[in-house]
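Let's take a friendly walk through the inside of this protein. Please keep the viewer open as you read.

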Amino acid sequence: MTDNTNNYFHVRPIAQVIEEGRLEKPRRKIVGAFVYENTVSYFYAPPNYGKSMAVFQFAHAAATGTSVAGCSALLNECEPKVVLAVDLENDAQTLYERHEQVIASGDPLLLENLIYLHEPVSERPLFNYDLLLKILDIAVEKKAELIIIDNISKLLPDLLKAEEVTRFIEFLNRMRIQTGASIVIIAHTVKFNPAVAVLPTSFYGSSMIGNFFKEIFYLDKTRDGRYFFCHAKTKHREIYNESVPVVTLGDHPVVGTGFTYEALFPLSDVQLPLSTAPEKSTRKYSLSNYRSELARIEQMGIKRNTIAEMCNVTRAAISKILSAPD
């Protein structure tokens, strides 16, 4: 029996919650355990590590119903999907030079599923929500099932402002609900030393990114110059942060230039040394700074219950932080 006395929460007994969950459409893998259906994922890497080529490979696999690799970590469980690739980084010539091979190696009809968006140089450039609304309009028109945006800098120029990050992530969630599409946002790390490991906290921006995105993964180099994908955060049971899929970057028979899967390796066997230097000041958050970010979010009209859910803590914890003395 549902209790309707509370007009904010959806109140029902656990048996009903479990039954409602059972009736939901299962979230299948699109890019293995790293991108699922009905999710918003955040993918970051240092510059020049090949994340744009990885993104192309993700998009191509989803559009053609193929897998980046046959291992569980990179398996595609879905039929071909309509993919909207919003490329704010690479022009047509760059894509030709890297990926001409897809025209000869792929089914022309399935390749129609992969739709690229490039900004016209003749138009006034758009930023932030103006640009997101244009993407949303085309996603609805094309009935996109996967939206990949490369990269976040044009959409959210100031990644250090907690209130802007919060609004942005809320917009992405509404876009996911409205279109039914999965969304992958591409980002970059803070300034880094290529001789040390990328960490789960190495993304650039407000700490709210780590709190509000439920799915985060990154690309890093191995000690011997190969690469691997690693989870920084996931809500799914299958997680790759102790054993990771290792790949090589180079000539690829399907996508021209891309990543080829080798095997799963223990992260401790392939990871570069961890930095012994202190993190940059932009990554350090004192209690007062964290409280200031939470206070700005609350001032936007977001209830403490919602903030607590986003941060994966209790409401009491949020209240305690906000009421703590300086």
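## Around Phe213

Leaving aside residues up to four places away in sequence, Phe213 touches Val40, Ser41, Tyr42, Phe168, Ile169, Leu172 and Lys233, where contact means heavy atoms within 4.5 Å. This is a predicted model, in which local features need pLDDT of at least 70 and side-chain atom pairs pLDDT 80 or more, while totals for chains, interfaces and linings use all residues. Numbering starts from 1 along each chain as its sequence is written, and side-chain values use heavy atoms, without hydrogens or water.

Phe213 is also one of the residues that touch the most other members of the largest nonpolar core, along with Tyr42, Ile147, Ile149 and Phe168. That core has 54 residues; a nonpolar core joins buried Ala, Val, Leu, Ile, Met, Phe, Trp, Tyr and Cys residues through side-chain atoms within 4.5 Å, and buried means under 20% relative accessible area with a 1.4 Å probe, protein chains only. Helix α8 (residues 162-179) brings the largest share, 7 residues; helices are DSSP runs of H or I, at least four residues, numbered from the N terminus.

Here is α8 at a glance.

| Feature of α8 | Value |
|---|---|
| Length | 18 residues |
| First C-alpha to last | 26 Å |
| Span expected at 1.5 Å a residue | 26 Å |

The expected span is 1.5 Å times one less than the number of residues. Among the buried residues of α8 are Phe168, Ile169 and Leu172, and these three also touch Phe213. After α8 comes Gly180, with a positive phi near 75 degrees.

Note on methods
Buried means under 20% relative accessible area, exposed over 50%, partly exposed in between (1.4 Å probe, protein chains only). Helices (H or I, at least four residues) and strands (E, at least two) are DSSP runs, numbered from the N terminus.
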